[in-house]
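Please walk through this fold with me, one packing contact at a time. Keep the structure open as you read.

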Amino acid sequence: MDRDGPVQPQSWRLAVAQARASGSPLPPLVPDGIYGLRADAALTAESNEQPAEISEEHRRLNTVLNHQWAVTEPSRLAHLAAPGEVDAEMLDWLEATGAELIRLATERRRRTRHLLDAHLTTVTDFISESRYTPAAGQRLHTLAASLSQAIAWQHFDERRHASAGRFWHAALHNAHTAHQRDLGAGILSDLA
């Protein structure tokens, strides 16, 4: 299952459309839904790890996501399902989750690939569809830059250099928008 960039498969777009049409809130990271909608076969086909190790890692990631889902207020997710304001609490959660996914990406690259893509999609949706203060915008763009940079490295390591370049370009654009010169310099060094 080779995806070139943050494009969602048809099954995911259909699930999102059905949730929005019914008025059901859709969390930024759907526990176990990301695997179930697009990755079960791909994870099995691509992996050279032992089945017990895969199952344990899958359980660990699901535990983390289920905990985060349980502690996130459902009313807050319903509020965010429609374009609106990004509040500090949700922004803190997005940043913490993004940092954890980036950290896990270095340890378990194949297990976190789709989670990083979904998280970046969520952040870019907030950037394009929500209202936020300049400070919140800076935080959102910084997070988008960091996530894009991590995804770019994954694509580069998978020998998908053109796609990696596009993610590094997106990361650089977001770092510039967020006025993050040090992050931008790091991304430029990645491109070199």
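The buried residues of α10 pack against α8 (134-157) and α9. This is a predicted model, in which local features need pLDDT of at least 70, side-chain atom pairs count only at pLDDT 80 or more, and totals for chains, interfaces and linings use all residues. Residues are numbered from 1 along each chain as its sequence is written, and side-chain values use heavy atoms, with hydrogens and water left out.

Which residues of α10 are buried? In this helix, residues 181-191, they are Leu183, Gly184, Ile187 and Asp190. Buried means under 20% relative accessible area, exposed means over 50%, and partly exposed lies in between (1.4 Å probe, protein chains only). The four cover an arc of only 115° around the axis, so they sit on the same side of α10. That arc is taken over the directions from the helix axis to the C-beta atoms. The face turned away from the buried side carries the exposed residues Arg181 and Asp182.

Now turn to the two partners. The axes of α8 and α9 come within 8 Å and cross at roughly 165°. Axes are lines fitted to C-alpha atoms, for helices over the stretch in contact, and angles run from 0 to 180 degrees between N-to-C directions. The crossing angle therefore makes α8 roughly antiparallel to α9, a label for angles over 145 degrees. On the α8 side, the contact residues include His141, Ala145, Gln149, Trp153 and Phe156. On the α9 side, they include Ser163, Phe167, Trp168, Ala171 and Asn174. Contact means heavy atoms within 4.5 Å.

Is Arg166 buried, partly exposed or exposed? Arg166 is partly exposed, because its relative accessible area is 44%. Arg166 and Gln149 are 17 residues apart in sequence and 10.0 Å apart in space, C-alpha to C-alpha.

Step back to the whole chain. There are ten helices and zero strands. Helices (H or I, at least four residues) and strands (E, at least two) are DSSP runs, numbered from the N terminus. Buried residues make up 43% of the 192 residues. Of the contacts with a separation of 6 or more, 70% join residues 24 or more positions apart.

Last, confidence. The mean pLDDT of the chain is 75, and 64% of its residues reach 70 or more. pLDDT is the predictor's confidence in each residue, from 0 to 100. Over residues 1-5 the pLDDT is below 50. Residues 29-47 stay under 50 too.

Conventions. Parallel < 35°, antiparallel > 145°, perpendicular 65-115°, else oblique.
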